[in-house]
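Please look over this note with the model open.

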Amino acid sequence: MEIKRLLGALLGLVLLAAVIAISIFSTQELSEIKAEAVQPTPTPTYGEQGLPYGMQLDTAPYLIEDGYAFFKDRIVPLYKRNNETLLTYADTTARFLASLPQNVRSYIMLIPTRAAFEESLSAYTDDENAAINDIGALMPAGVTCVNLIKTLAAHKSEYIYFRTDDSWTAQAARYAALAYANKAGLELPQLDEYYYYNILESHKGILYEINGHEIPPKLYDYVAFYTPIYGKNLQTVTLRHAAGQYETHDSPAVALSRRSKNIFIAPYFSHSILHGDKNNGKTVVIFGSSEAKLFAPWLTPVYENVILISAARYQDGVEGFRKLFEDYNVTDFIFMQSITSPNDSPGSKADKLILNPDNTSIPQQGGDTQ
């Protein structure tokens, strides 16, 4: 009996110790939860259109001068249409697209500038929508013009253009990719299938200072980018190694190590073959200005290869261009340049890549401009 009483007493002590331990743990855990609950929410670094959190976008320019609109938080180039250069540009582009293999679906995407979506600048800038449609209407029959004006206008309050640079952002490029996918009958992944990053260090673009008017450093931009959770994010890129020297190597298509807008593809590249995630044998070729390198990675989930050609720096000439169609099953071709390109380069930088230069006839016109 004495042993039973001792065992009972010991069991009681064990149970009492357990109850006390649980009580102490629960009290401590509750205290930690309460402590967490009262912690203030960190203030975001950035808010509206990449401005410091809590700051609103300036609504009116303080100066219009030399083709620019100057705001306190941005400098916006004004679009001016030149009919002569526009027609020259359209003619060269039409001949270029008409020379592509007939089994390739062709698209033209002319990128509007920020000025097209600034209501306070409507009296100072020409009609970009009309310019895009007019060029599209001069394309060969069968070429689809993807007009991005309505697409981007629906998101103009978002951070779709840098304020200190003459470029759109990756967010705008995604909206453009969705518009293209809709025309091409493709379905892009949802954003929850991507990792999202933004660089908290500021991005100072080429428009941070014009004619002595400077955007203060506290109002510089930032760069946001996305990488696929399950995708390869891999490219074989040919880029400038030294003056007149180019080399080819593998690297991530989107990589933080390159910084600034060069996170996308690379600086000073000739062309890149982005390895897609869809094993469908299909390849899209994008012939583009610098904005195209923010666009191209969005298409890797729906193609086996996405080939991006720099309109400004392509090194392989017409024979290298022709060989792309021989080596890859090119099903789609996208001509992508800024709507300012007719003024900057009326020949559209495609005149030396026309695959049948001896054919001087004007191609049948009537591109799809819907």
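Which strand gives the most to the lining of the largest cavity? Point 2 has the reply.

1. Ground rules. This is a predicted model, in which local features need pLDDT of at least 70, side-chain atom pairs count only at pLDDT 80 or more, and totals for chains, interfaces and linings use all residues. Residues are numbered from 1 along each chain as its sequence is written, and side-chain values use heavy atoms, with hydrogens and water left out.

2. The cavity. Strand 9 gives the most to the lining of the largest cavity: 4 residues. Strand 12 (269-275) also supplies at least two, as does strand 9. The lining comprises 20 residues, and Tyr226, Pro228, Val254, Pro297 and Trp298 lie nearest the centre. The volume is about 150 Å³. The whole structure holds 1 cavity of 30 Å³ or more. On a 1 Å grid over the protein atoms alone, a cavity is a set of points where a 1.4 Å probe fits but cannot get out; lining residues have an atom within 4 Å of a point. Grid points are joined across faces, edges and corners, and a volume is the space filled by probe spheres set on the points. Strands (E, at least two residues) and helices (H or I, at least four) are DSSP runs, numbered from the N terminus.

3. The largest pocket has about 1,200 Å³ of space. A pocket here is an open set of points with protein on both sides within 12 Å along at least five of seven lines. It is lined by 49 residues; Asp166, Ile206, Ser290, Glu291 and Asp344 are the closest to its centre. Two or more lining residues come from each of strand 3, helix 6 (292-295), strand 14 (305-310), strand 15 (330-338) and helix 8 (341-344).

4. Two strands pair if DSSP finds at least two bridges between them. Strands 1 and 2 (residues 68-70) are joined by 3 bridges. Ile64 has Ala69 as its bridge partner in strand 2.

5. Aromatic pairs. The whole structure contains 21. Rings of Phe, Tyr and Trp (its six-membered ring) pair if their centres lie within 6.5 Å; planes under 30 degrees apart are stacked, over 60 edge-to-face, the rest tilted. Tyr195 and Tyr197 make a tilted pair, 6.4 Å centre to centre with 50° between the planes. Tyr197 and Phe225 are stacked, because their centres are 5.1 Å apart and their planes at 15°. Tyr197 lies in strand 6 (residues 194-198) and Phe225 in strand 9 (residues 224-228), so this pair ties together parts 28 residues apart in sequence.

6. Phe225 is buried at 4% relative accessibility. Tyr197 is partly exposed at 37%, and Tyr195 is partly exposed at 41%. Buried means under 20% relative accessible area, exposed over 50%, partly exposed in between (1.4 Å probe, protein chains only).

7. Ring cluster. Tyr89, Phe96, Phe287, Phe321, Phe325, Phe333 and Phe335 are linked into a cluster by ring pairs.
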